[in-house]
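Hello,

Please find the structure below, followed by notes on what turned up in it.

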Amino acid sequence: MTAEDSLEQTRGRLLALSPASDSYATQFVDILLHAGYALGASDLHLLPTPAGVDIRLRIDGVMQPLGTFPPGAKADTITRLKVLADLLTYRTDVPQEGRIRDLSATIEMRVSTFPTLHGEKAVIRLFAADARFPYLADLGLPPSQCQQLDRLLNETAGALLITGPAGSGKTTTAYACLRELARRSAGRSIATLEDPIEVAISGIAQSQVNLRAGFDLATGLRSLLRQDPQVILVGEMRDPVTAGIALQASLTGQLVLTTFHAGSAAGALSRLADMGVEPYVLRSGVLAVVCQRLVRKLCHCAIESDSPEARLGLAVTTARLPQSCADCHGTGYLGRTLLAELLSLDLDEVPAAILARADRVAIEQAALRGGMQSRWHWANLAVESGLTSAAEVRRVLGFSDALEPEAG
């Protein structure tokens, strides 16, 4: 069965429903959510248009169209999602977020709605509750990076920043670190502040922000520091206030794990400086920065090629090209793997570059001279070994990175 077959079957089941039926919205959402889980989708997008609700599924990081469907005559599909997520159905003019908790015992979902020209758009993020990547060794990192991260988790103070763009697996890596800490450090007080909690972890005090009650990340973090924590996970540093509090905590005896949106490890340090974090806080508080991306793995049906077109300008001598078969659902790819760079602030020239308020390029060049193996290094290895394709690397990392030649 190919992905097209599976999507086509789902499309057929949805089109077979009667939009005039009282149970249309309930049945439609039930089919859609279960199909998304069965197909391995990470996100479901429902966009209202003049013709109906356009639905797309993100599978292995790539959007797949499902089709355009009637919203429902008596109760529309997005209203049904809002009911399941305990959102205000009468408010269609403001963004809302909620969770679907009781649809299935094996999965949890986060629902986000947003007003658009033709009605509310809804995006559903699917979280696998059984956690396929529970510990560091399960993430697929190279042994050198895994050992370095493992060592960093033994520290008693300092900040470990897990960075990357949206959908790059930052939270999965953060949770793997938390589980490592929980199983090896039963005597340590570990607490989290998240928005939202995505997976419950035994032995850890997890808290979730509540904006309606005035309990935001900054407020919660200030209070959490009075709870005698030894390890803190801040779900995401989104603003200068939260970043400042989290990094100050790393200077006063707590090990802080946090995620942060950035395109590179050096870019994360540069962006924090732009947000007003003082260079001495970055230099003294940050232990290391991990920047990661997810790339699709080639299926076994891929073929070898030594043509320049297959390499797409990467510093590799050979590459494989995706093909199509039933096992990969006709896409040429099967599953994803992690590409990550780890920038340690112990590298010789990096602290001086930070204290000099150097820009991203200068910090990254300093890290490369100090021995950091960049995202391009690991991407080239993945292509050379046949794990992924040059086209997939270019899709994820792009064509215009000024540091690619040196990093590669």
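Isoleucine 232 stands opposite valine 256 in strand 11. Strands here are DSSP E runs of at least two residues and helices are H or I runs of at least four, both numbered from the N terminus. This is a predicted model, in which local features need pLDDT of at least 70 and side-chain atom pairs count only at pLDDT 80 or more, while totals for chains, interfaces and linings use all residues. Residues are numbered from 1 along each chain as its sequence is written, and side-chain values use heavy atoms, with hydrogens and water left out.

Strand 10 (residues 231-234) and strand 11 (residues 255-261) run parallel and are joined by four bridges; two strands pair if DSSP finds at least two bridges between them. Strand 10 also pairs in the parallel sense with strand 8 (residues 190-194), again over four bridges, and there isoleucine 190 stands opposite valine 231. From strand 10, Val231 and Leu233 point one way, Ile232 and Val234 the other, and all are buried. Buried means under 20% relative accessible area, exposed over 50%, and partly exposed in between, with a 1.4 Å probe and protein chains only.

**Interior**

Threonine 163, in strand 7 (residues 158-164), is buried because its relative accessibility is 0%. Leaving out residues up to four places away in sequence, its contacts (heavy atoms within 4.5 Å) include Lys170, Phe260, Ser264 and Gln292.

The largest nonpolar core has 43 residues, of which Leu247, Leu269, Leu272, Leu282, Val286 and Leu343 touch the most other members. Another core lies apart from it, with 30 residues, among them Leu136, Leu141, Leu287 and Leu342. A core is a set of buried Ala, Val, Leu, Ile, Met, Phe, Trp, Tyr and Cys residues joined through side-chain atoms within 4.5 Å.

**Positive phi**

Two residues have a positive phi without being glycine. Leucine 312, at about 50°, lies in the loop between helix 10 (308-311) and strand 14 (319-321). Leucine 312 has a relative accessible area of 30%, so it counts as partly exposed. Arginine 357, at about 60°, is in the loop between helix 11 (350-355) and helix 12 (360-369). Arginine 357 is exposed, because its relative accessible area is 56%.

Tyrosine 280, in helix 9 (residues 279-285), is partly exposed at 49% relative accessibility.

Regards
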